[in-house]
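This report accompanies a set of protein chains and their coordinates. Please consult both while reading.

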Amino acid sequence: MAILEVNNLAKSFGNTKVLKDISFSLEKGNVLSVLGSSGSGKTTLLRCLNFLETADHGTIRVRDELLFDADDARTTREREIRRKRLHFGLVFQSFNLFPQYTALQNVMLPCQLLAKEEENYKVRKKQMFAEIAANAHDLLKTMGLAEREGYYPHQLSGGQQQRVAIARALAMKPDILCFDEPTSALDPELTGEVLRVIRDLKGGDRTMIIVTHEMAFARNISDRIIFMHDGYIEETGTPEQVFDHPRSERAKAFFSKSLEEI
Amino acid sequence: MALIMEQMPIVLRSLNVGFLQTLKLFIVTLIGALPLGLVISFGSMSKVSPLRWLTRFVIWVVRGTPLMIQLLIIYYFPGLVLKKPIWGGGEAGRFLAASVSFILNYACYFAEIYRGGIQSISKGQTEAGLVLGMTRGQIFFRVTLLQMIKRIVPPISNEIITLVKDTSLARIIALQEIIWAGQAFLKGSQGISGAIWPLFFTAVYYLLFSGLLTIILGGLERKLDYFK
Amino acid sequence: MKRILSVLIALVLVLSMTAFAEASDMAYVQEKGVLVVGITDFEPMDYKDENGEWIGFDADVAVAFAESLGVAVEFVEIDWDNKVLELDSQAIDCVWNGMTLTAEVTEAMECSVAYCNNAQIVIVPADKADEYSTIESLAGLNFAVEAGSAGEAEAEANGFAYTPVKAQADALMEVAAGTSDAAIIDSLMAAAMVGEGTGYEALTYTVPLNSEEYGVGFRKGSDLAAALNDFFAAAYADGSMAVWAETYGITAALIPQA
């Protein structure tokens with residue numbers, strides 16, 4: 001069963017059409033990598049899925065629930081969109097940790113704020129917060145940051161900051177975890193530790209969408225690849241199909257060039 | 001020197017009264033201008049363009065004219081032109097008019113500092129909050145506000161120190177603050193005439209008070225030093 | 001500053017021309033129940049006693065005048081530069097502070113009759129007083145005078161080189177500090193502030209340049225000026241003016257009843 005279904009998504013900024021007609025679906029537990037040159041619309045696609053941009057056309061379904069339909073005003077209201085965002089997690093290129101909180105606080109804060117909306121918050125507050133804290137400890141430990149819990153973001157390396165950001169996104173238990181070029185802002189020697197963490201996340205039920213320029217990584221981790229060009233999905237399939245036997249000329253040119261770089 | 005020692009108790013009593021007036025104006029201005037500035041800064045960033053342009057026009061006028069003229073206009077204009085001397089001629093009325101002028105003037109300066117502070121917070125902070133399911137209010141109060149405060153503390157401190165000294169402008173509408181009190185002995189007051197030193201001695205009050213403020217504001221700055 | 005002020009005043013005067021004729025100023029003051037008197041700290045005319053109460057020749061007469069109108073009196077210290085502004089904006093109701101009746105003053109205010117004599121007098125360091133006993137000997141000196149004062153008008157009329165300063169007291173400070181050679185101030189003030197037993201022991205006064213008179217100023221067109229003239233006449237008649245003058249040591253300067 002498809003956990004995510006996107007149909008005919010389109011988005012313009014002024015006169016520039018950034019997404020033209022995007023449709024795809026994703027199976028639960030699969031990893032999808034979105035590739036393509038700069039300006040092809042990859043990041044905008046992720047931002048539309050996370051409702052940081054509002055698409056002009058198209059629909060988004062998660063677990064068969066219609067989250068967004070550009071033609072149905074009831075699905076685009078800001079108040080409801082906030083809850084819908086929780087189906088998705090997003091790890092940013094530039095981390096965007098909250099500088100005034102420690103690594104642990106960064107991971108706990110969003111969960112604590114959300115817990116306030118639970119019906120029996122006042123009664124169960126202590127227990128809820130204990131669970132949130134335990135979960136945050138575990139996540140940071142998984143990220144290899146058990147020793148760094150009390151550090152503020154500026155005291156951490158870029159790779160460590162990105163791992164905290166991944167833990168923060170995981171703490172919300174999203175259905176689909178998205179990565180927007182998670183290693184592009186890192187020094188080359190730090191990309192490895194972040195890619196390794198993402199690779200370890202794969203498995204079980206975890207569904208992920210990764211926008212990246214790391215070709216070898218994408219080929220290794222992905223169940224499916226989407227190659228985008230100029231707002232369209234130019235090519236899609238398994239890594240073998242897309243990397244080794246691309247059908248379109250643009251995909252051929254793109255992959256032969258990126259192979260040269262490696 | 002002996003003469004100065006003799007005059008000292010009278011002069012100090014008078015300067016203290018003047019300084020109390022200075023201090024009152026300083027505190028009232030801060031209490032009024034710090035929150036009003038935030039309202040004005042939101043107005044100047046509003047998506048409603050008439051409101052935005054009106055606010056920016058007011059900021060332009062207030063920052064573009066001397067505070068001294070604003071004091072004269074706010075105090076004298078209602079009686080002169082509208083024939084409604086709303087402030088009254090007494091000390092309380094002069095203080096009220098001075099407070100209104102100072103609050104308006106400083107709120108506009110604060111508003112621009114706030115706006116700079118708000119706009120300097122990267123959009124990524126807000127987006128991260130949104131993606132993590134926070135409301136706009138939670139994002140403002142739990143994420144961006146403290147970062148903004150950290151950034152505006154140094155420029156606001158500057159304005160606050162300037163305000164201490166600017167209060168002396170209020171004597172143009174005969175508000176008897178400390179410089180007025182010091183100057184009175186030049187001409188003659190309470191049996192002391194032609195005494196120059198009280199006027200210069202007011203500088204000691206300003207120095208001590210701004211020194212105290214510098215320590216307090218520096219402490220606040222250091223307190224926010226734990227993050228970057 | 002001055003220029004901006006005068007533009008502001010001119011603007012305001014034009015705007016106010018129309019409005020003033022309406023009601024009697026006396027009725028306005030009686031209705032609000034208080035006569036607001038604009039003063040500066042100026043011994044012996046208006047100054048504070050040990051209890052912080054305003055006393056002085058002018059202050060005492062003002063209290064009695066307000067009483068005759070059936071209203072309270074409130075003394076407010078003003079910036080002397082802004083006296084016309086204060087009057088016209090109704091922040092104060094009169095200027096009663098040893099004010100010289102110059103042409104500028106009588107044009108801008110409704111003035112009472114003169115009640116006190118004064119002169120503009122030259123102040124020099126005491127050790128040079130002998131050199132400057134005539135008006136001719138003063139040529140070539142640099143004077144300090146209060147901006148907008150009768151002293152400035154005298155300096156102008158005699159062709160002296162001068163620096164305008166903010167107050168008469170500042171003019172004295174200029175001479176004491178040696179930044180100006182001489183100053184021109186009111187003789188009543190000079191008597192109180194210059195010479196032995198004062199703050200300026202090293203200064204003295206020499207040549208009087210003119211003689212002039214003090215009066216009380218009200219808003220242009222105010223009926224209070226006439227009321228004060230009547231009050232003065234009665235106070236001269238029953239001898240109370242003479243008593244007040246004696247209290248503050250200005251008997252010699254008091255103008256006898258016409």
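**Basis and confidence**

This is a predicted model, in which local features need pLDDT of at least 70 and side-chain atom pairs count only at pLDDT 80 or more, while totals for chains, interfaces and linings use all residues. Residues are numbered from 1 along each chain as its sequence is written, and chains are lettered from A and ligands numbered from 1 in the order in which they are written.

The predictor assigns the complex an ipTM of 0.92 and a pTM of 0.77. The pLDDT is the predictor's confidence in each residue, on a scale from 0 to 100. For chain C its average is 87, and 91% of the residues score at least 70. Among the elements of chain C, the lowest mean pLDDT, 59, belongs to helix 1 (residues 2–16), and the highest, 96, to helix 3 (residues 57–69). Helices (H or I, at least four residues) and strands (E, at least two) are DSSP runs, numbered from the N terminus.

**Chains B and C**

Chain B has 8 helices and 0 strands, whereas chain C has 10 helices and 13 strands. The radius of gyration of chain C, taken over C-alpha atoms, is 19 Å.

The table sets out extents and burial. A residue is buried if 20 or more other C-beta atoms lie within 10 Å of its own, exposed if 12 or fewer, and partly exposed in between, with C-beta atoms placed from the backbone.

| Chain | Span of C-alpha trace along principal axes | Residues counted as buried |
|---|---|---|
| Chain B | about 75 × 50 × 25 Å | 39% of 228 residues |
| Chain C | about 55 × 45 × 35 Å | 48% of 258 residues |

Two residues are in contact if their C-beta atoms, placed from the backbone, lie within 7 Å. Among contacts in chain C between residues at least 6 apart in sequence, 70% join residues at least 24 apart. In chain B, residues 24 or more positions apart account for 73% of the contacts with a separation of 6 or more.

**Contacts between chains**

Of the 2 pairs of chains that touch, chains B and C have the most contacts. Chains A and C do not touch, and their nearest C-alpha atoms lie 49 Å apart. The contact between chains A and B takes 19 residues from chain A and 18 residues from chain B. On the chain B side, the elements that give two or more residues are helix 5 (123–131) and helix 6 (136–166). Helix 5 of chain B gives the most, with 6 residues.

**A sheet in chain A**

In chain A, 6 strands form an open sheet of mixed pairing in the order 6-7-8-3-9-10; two strands pair if DSSP finds at least two bridges between them. Strand 6 (88–91) and strand 10 (232–237) stand at the edges with a single partner strand each, so one side of each is left without a neighbour in the sheet. Neighbouring strands are turned by 20° against each other on average, direction ignored. Strand 9 (residues 224–229) of chain A is joined to strand 10 by 5 bridges, and the two run antiparallel. Within strand 10 of chain A, Thr236(A) stands opposite Ile226(A). Helix 5 (residues 158–171) of chain A packs on the sheet, touching strand 6 and strand 7 (176–180), and its direction makes about 175° with that of strand 6. Axes are lines fitted to C-alpha atoms, for helices over the stretch in contact, and angles run from 0 to 180 degrees between N-to-C directions.

**A covered helix in chain C**

Helix 6 (residues 150–157) of chain C is mostly covered, with 6 of its 8 residues buried. Among them are Gly151(C), Glu152(C) and Glu154(C). The elements that cover these buried residues include strand 5, strand 8 (120–125) and strand 13 (212–218) of chain C. Just after helix 6 of chain C, Gly159(C) takes a positive phi of about 70°.

Most residues other than glycine have a negative phi. Phe95(A) has a positive phi of about 65° and lies in the loop between strand 6 and helix 3 (103–115) of chain A. Phe95(A) is buried, with 23 other C-beta atoms within 10 Å. Gln90(C) has a positive phi near 65° and lies in the loop between helix 4 (83–88) and strand 5 (94–100) of chain C. Gln90(C) also counts as buried, with 23 C-beta neighbours inside 10 Å.

Technical notes:
Rg over C-alpha atoms; globule rule 2.2 N^0.38 Å.
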